[in-house]
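Me: I would like to learn how to read the helices in a protein model, one feature at a time. Could we go slowly and begin with the way helices cross?

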Amino acid sequence: MPDTGLTARIRENIVLYGALAANLAIGVAKFVAAGITGSSSMLTEGVHSVVDSGNQVLLLYGQKRAKRGPDAIHPFGYGRELYFWAFVVAILIFALGSGISIYEGWLHIRSPEPLRDPTVNYIVLAIAFALEGASWTIAVREFSRTKGSSGWWRAIHDSKDPPGFIVLFEDSAALAGLVIAALGVWLSHETGDARIDGIASILIGLVLGLVAILLARESKGLLIGERADPEVVETIRGIVAARPWITHVNHVRTIHTAPDSIFAAISADFVDSLPMGAAETMIEGLEDDLRLAVPSLSSIYIRPEKQENAAVATPQHGL
């Protein structure tokens with residue numbers, strides 16, 4: 001019988017596995033082409049593919065680590081470890097991908113390599129574009145499936161699952177880098193100036209640097225802790241407010257402890273005449289209804305609190 005668990009994991013990580021396979025194959029081809037032709041931009045693209053391959057491995061590792069259950073030290077589980085590795089990926093893109101590309105381009109401008117037949121470069125770039133394009137198509141399709149009606153940038157900003165948008169950014173940067181590398185090789189040979197190839201390498205580094213900064217910003221927000229989608233917050237508020245024994249919902253505070261796991265802290269003003277024993281039973285039923293409406297709620301904390309007391313203790317609004 002087939003291993004359904006393995007099949008499910010591959011399907012769940014199809015974007016990462018697709019990107020990893022493409023980058024490994026492309027990286028080898030780019031380094032061979034760089035060795036044959038001496039192209040700086042091709043060497044830069046080879047480094048880019050190696051960094052991207054390492055990034056996919058780190059994200060797969062992060063996903064595996066994040067699936068560990070709660071324990072005494074981490075009572076809410078290890079889900080946010082994925083956000084840590086996503087931040088590490090952004091730093092690697094900046095330090096290795098962008099840094100090495102710019103440095104290699106500067107070396108090539110200072111000491112240009114003699115021009116050689118660019119045919120191998122063009123062949124490798126065409127193959128790389130096809131493979132990167134296939135990986136990019138998978139990433140776009142999977143992200144489009146989960147983003148709903150939101151715009152692309154809004155969906156990326158609101159996403160709580162880093163691998164999807166990281167691979168999308170990486171593949172987009174890779175396609176842009178391939179176009180820049182091809183133009184650099186062509187212009188170098190058309191003009192007879194090998195320094196243009198080095199300029200192309202620097203431009204690729206700048207593209208990677210921009211992508212790294214965007215990814216670091218998004219990953220930092222997740223690592224620090226972001227609230228759930230406003231619609232989820234309003235769903236929770238509505239369910240709580242509908243209870244006749246609750247006179248007012250003071251606040252609903254949420255935080256993602258993993259892409260598919262939310263902790264909710266709710267402060268509500270209960271009817272004064274409600275007995276404690278009855279309140280406990282009603283709260284249990286309320287938690288069941290909340291989890292039924294929002295399956296990603298992993299932990300719920302409901303605090304009975306007078307409206308006026310909550311207003312004094314809680315200066316924040318709009319939660």
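Reply: A crossing is called left-handed if the near helix is turned anticlockwise from the far one by less than a right angle, and right-handed if it is turned clockwise. Helices themselves are DSSP runs of H or I with at least four residues, numbered from the N terminus. This is a predicted model, in which local features need pLDDT of at least 70 and side-chain atom pairs count only at pLDDT 80 or more, while totals for chains, interfaces and linings use all residues. Residues are numbered from 1 along each chain as its sequence is written, and side-chain values use heavy atoms, with hydrogens and water left out.

Me: Which hand does the crossing of H2 and H5 have, and at roughly what angle do their axes cross?

Reply: Axes are lines fitted to C-alpha atoms, for helices over the stretch in contact, and angles run from 0 to 180 degrees between N-to-C directions. Angles under 35 degrees count as roughly parallel, over 145 as roughly antiparallel, 65 to 115 as roughly perpendicular and the rest as oblique. The axes of H2 (residues 14-37) and H5 (residues 119-147) come within 9 Å and cross at roughly 170°, so the two helices are roughly antiparallel to each other. Their crossing is left-handed.

Me: How are H4 and H7 arranged, roughly parallel or roughly antiparallel?

Reply: The axes of H4 (residues 81-110) and H7 (residues 162-191) cross at roughly 15° and come within 10 Å, and H4 and H7 are therefore roughly parallel. Contact means heavy atoms within 4.5 Å, and on the H4 side Leu 82, Tyr 83, Ala 86, Val 89 and Ile 93 meet Pro 162, Pro 163, Ile 166 and Glu 170 of H7.

Me: Is Ser 101 buried or exposed?

Reply: Buried means under 20% relative accessible area, exposed over 50%, and partly exposed in between (1.4 Å probe, protein chains only). Ser 101, which lies in helix H4, is buried because its relative accessible area is 1%. Leaving aside neighbours within four places in sequence, Ser 101 is in contact with residues including Thr 44, Ser 201 and Leu 208. Gly 54, placed in helix H3 (residues 40-66), is partly exposed, with a relative accessible area of 30%.

Me: What span does helix H8 reach?

Reply: The expected span of a helix is 1.5 Å times one less than its number of residues. Helix H8 (residues 195-224) has 30 residues and reaches 43 Å from its first C-alpha to its last, close to the 44 Å expected. Just after H8, Gly 225 takes a positive phi of about 125°.
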